[in-house]
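Student: Please take a close look at one part of this model, the contact between its chains. I would like one connected account.

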Amino acid sequence: MQDAVLAMLAKEPSHGYHLRARLQQSLGPLGASMNPGQIYVTLARLEKAGLVVCERADGLPERPDRKVYALTPAGQQRVAAWLTEVNWPKPDLAEFHLKLVAAAAARLADPVELVAAQRRELLRRLREVQQAALAEPAGSAAVLLLEGVVLRLQADLRWLAACERAWSKVDDEAEDA
Amino acid sequence: MNVVNAAVRVHGLVKNHGRGQGRVRAVDEVDLEVPEGQTLAVMGPSGCGKSTLLHLLGGLERPSEGEVWLAGRRIDTLSERALARLRRRSVGFVFQAFHLVEELSAAENVELPALLAGRSRREARRRASLLLERVGLTGRARHLPSQLSGGQRQRIAIARALANEPLVVLADEPTGNLDTTATLDVLRIFEDLRSAGQTLVIVTHDERVAATADRLISMRDGMFVDDTRLAGTGTGWLGGLIGLEG
């Protein structure tokens, strides 16, 4: 998120509260839990790293909301580098996969039941995201982000369906043996 | 015991297709109660019996065994004629292939069920115009179905299903023929119906459609294998997805 805050400063120097408002507008319901102080923590770290400078508006008392932040040359370079990066979040499925394998091996639980419970949880999340997406006003930038979350959940549900089929087959073969 | 607030209730429901060796039990001793105002999604692989179940609920097919009740009235023992009348007045159907009358305009398609149920032309027209507005197609009232996109046709079909203020709307793969954008339009309408308290049963293979429902039943080989409550389980998960330090 540090990179995103830096990149937002590329447009123009800005107050912390203004950055936070822009973040929340882009994130919609996903930005709901961002507390007011967080942006200043991030900005302080960026300042310490020499990526932004902070100018206090003249003649005003020292308060965080009076400060204007701007990119340093190093900050500009970092933004340029960030834009060309192709990093992507890792799909984190190994843990659940190992849970199924371990549960089956030790006969701790029926993997098919574990898959079913996980599916219920993901469907509830899907419902939550979808309702949030439908509730967004027309033209909201956050809709596209919510759509991405929906599609990810759908992919995960499809993988769970594959898990269910595979582990059901294991069950059937065990019964036949 | 008569459960007053169940819009739909089935008990010991069985439906066999075919005879002798080739006999298939499409629905296998199913019990179900859908309270008034609930939206229920039924999912399962093709051939699991979910469409047959929907047909049985709406009186389009008769069960081999068991009972079907709509709003406290047993319907599987009704005469053909009485059943047809009940379907017209109390059940709204939405199908994958829309099934609109191609020779009639969008508005006329929506008016038709009210006219068939014996309402005046004026009343039918008034209701149709309200419903077209509700599905966002007021501007398409005079178009023929062939002049509309798939998504628009399905929205017309949903408006038609609502024409007689049905006790229950039954939808069979309502987004099966639609692209993503059109699916979202239909989801928006289902969400609107859900919050308006319309009893709704949707058979679907699309998780997004299922996720609009309050409750989800999974079917395999004619039986229910899971019955999950989706509504009222919000965990605030969404708001926690993004932290500034993440």
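Tutor: A search of the whole structure finds zero disulfides over all chains, a disulfide being a pair of cysteine sulfur atoms within 2.5 Å. This is a predicted model, in which local features need pLDDT of at least 70 and side-chain atom pairs count only at pLDDT 80 or more, while totals for chains, interfaces and linings use all residues. Residues are numbered from 1 along each chain as its sequence is written, chains are lettered from A and ligands numbered from 1 in the order in which they are written, and side-chain values use heavy atoms, with hydrogens and water left out.

The interface comes next. Chain A gives 36 residues to the contact and chain B gives 36 residues, where contact means heavy atoms within 4.5 Å. About 3100 Å² is buried between chain A and chain B, with 55% of it on carbon and sulfur atoms; buried area is the accessible area (1.4 Å probe) that two parts lose on being put together, summed over both. The rule finds four salt bridges across this interface, a salt bridge being a side-chain nitrogen of Lys or Arg within 4 Å of a carboxyl oxygen of Asp or Glu. A salt bridge joins A:Glu164 to B:Arg220, with the closest N and O atoms 3.2 Å apart. Nine residue pairs, both members at pLDDT 80 or more, are in polar contact between chain A and chain B. A polar contact is a pair of N or O atoms within 3.5 Å; within protein, one must be able to donate a hydrogen and the other to accept it, and residues adjacent in sequence count only if both atoms are side-chain atoms.

On the side of chain A that touches chain B, the elements giving two or more residues are α1 (2-8), α2 (16-27), α3 (38-48), α6 (111-135) and α7 (142-176) of chain A. Helices (H or I, at least four residues) and strands (E, at least two) are DSSP runs, numbered from the N terminus. The largest share of that side, 13 residues, comes from α6(A). By class, the side of chain A that touches chain B has 20 nonpolar, seven polar and nine charged residues. Ala, Val, Leu, Ile, Met, Phe, Trp, Tyr, Cys and Pro count as nonpolar, Asp, Glu, Lys and Arg as charged, and the others, Gly among them, as polar.

One residue of helix α6 of chain A is A:Arg127. A:Arg127 counts as buried because its relative accessibility is 6%; buried means under 20% relative accessible area, exposed over 50%, and partly exposed in between (1.4 Å probe, protein chains only). Leaving aside neighbours within four places in sequence, A:Arg127 is in contact with B:Arg194, B:Ala211, B:Thr212, B:Ala213, B:Asp214, B:Leu230 and B:Ala231. Within chain A, A:Arg127 and A:Val149 are 22 residues apart in sequence and 11 Å apart in space, C-alpha to C-alpha.

B:Asp214, in contact with A:Arg127, is also among the residues that B:Gln38 touches. B:Gln38 lies in the loop between β2 (24-35) and β3 (39-43) of chain B and counts as buried at 10% relative accessibility. Its side chain makes a polar contact with the side chain of B:Arg215 (3.0 Å). Not counting residues up to four places away in sequence, B:Gln38 also touches B:Glu33, B:Gln198, B:Thr199, B:Leu200 and B:Arg229.
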